Every structure is written in C-alpha cells, then in structure tokens.
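Trainee: Could we go through the salt bridges in this one together?
Mentor: Gladly, let us look at it first.

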Amino acid sequence: MDIETFREYCLSKKGVTEGFPFDSDTLVFKVMHKLFALTSLSAQPFTVNLKMDVELVEQYREKYADVQP
C-alpha cells in the first residue's frame, strides 16, 4: 500500500478528517476529533502508526509480521 491509497481509504470512512497538527510532514487522521492514524509524508518505505487497544497489541504482533513495536 502507498500513502495515497491509505489516505483515500481513511477519508472514505464516515467522519474522518486529516490534518498536520504536529508539523508539515506528519499527516494525522482523526475521527470525532480523536487521532487514530498518523504517517510521515517523507518516510520510505511507507509506514503508519495506528491507535489500538493495548490489550490486543501483542496478539497482533504475533499474528502479523508487519505489526511492529
């Protein structure tokens, strides 16, 4: 996946907004004013940080190699 595909996916969800609250490189996605994803416009390869339930993190790391600390 690339950043534009990810952006389009996020913005297709109801109530999602995007912005740059931290700096001009960090793209942030929010729903109902709560951050759920952020990514760098310049980082290669493309990565994204997602907010998730802390109790599920370890399960996802074990199941999916791409889920990194």
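Mentor: R7 forms a salt bridge with E18, the closest N and O atoms being 2.6 Å apart, where a salt bridge is a side-chain nitrogen of Lys or Arg within 4 Å of a carboxyl oxygen of Asp or Glu. This is a predicted model, in which local features need pLDDT of at least 70, side-chain atom pairs count only at pLDDT 80 or more, and totals for chains, interfaces and linings use all residues. Residues are numbered from 1 along each chain as its sequence is written, and side-chain values use heavy atoms, with hydrogens and water left out.

Trainee: Which parts does the pair R7 and E18 tie together?
Mentor: R7 lies in helix 1 and E18 in strand 1, so the pair ties together parts that are 11 residues apart in sequence; helices (H or I, at least four residues) and strands (E, at least two) are DSSP runs, numbered from the N terminus.

Trainee: How are E4 and R7 placed in helix 1?
Mentor: They are three residues apart in helix 1 (residues 3–11), which means that about one helical turn separates E4 and R7.

Trainee: Changing topic, is T39 buried or exposed?
Mentor: T39 is buried, at a relative accessible area of 3%, given that buried means under 20% relative accessible area, exposed over 50%, and partly exposed in between (1.4 Å probe, protein chains only).
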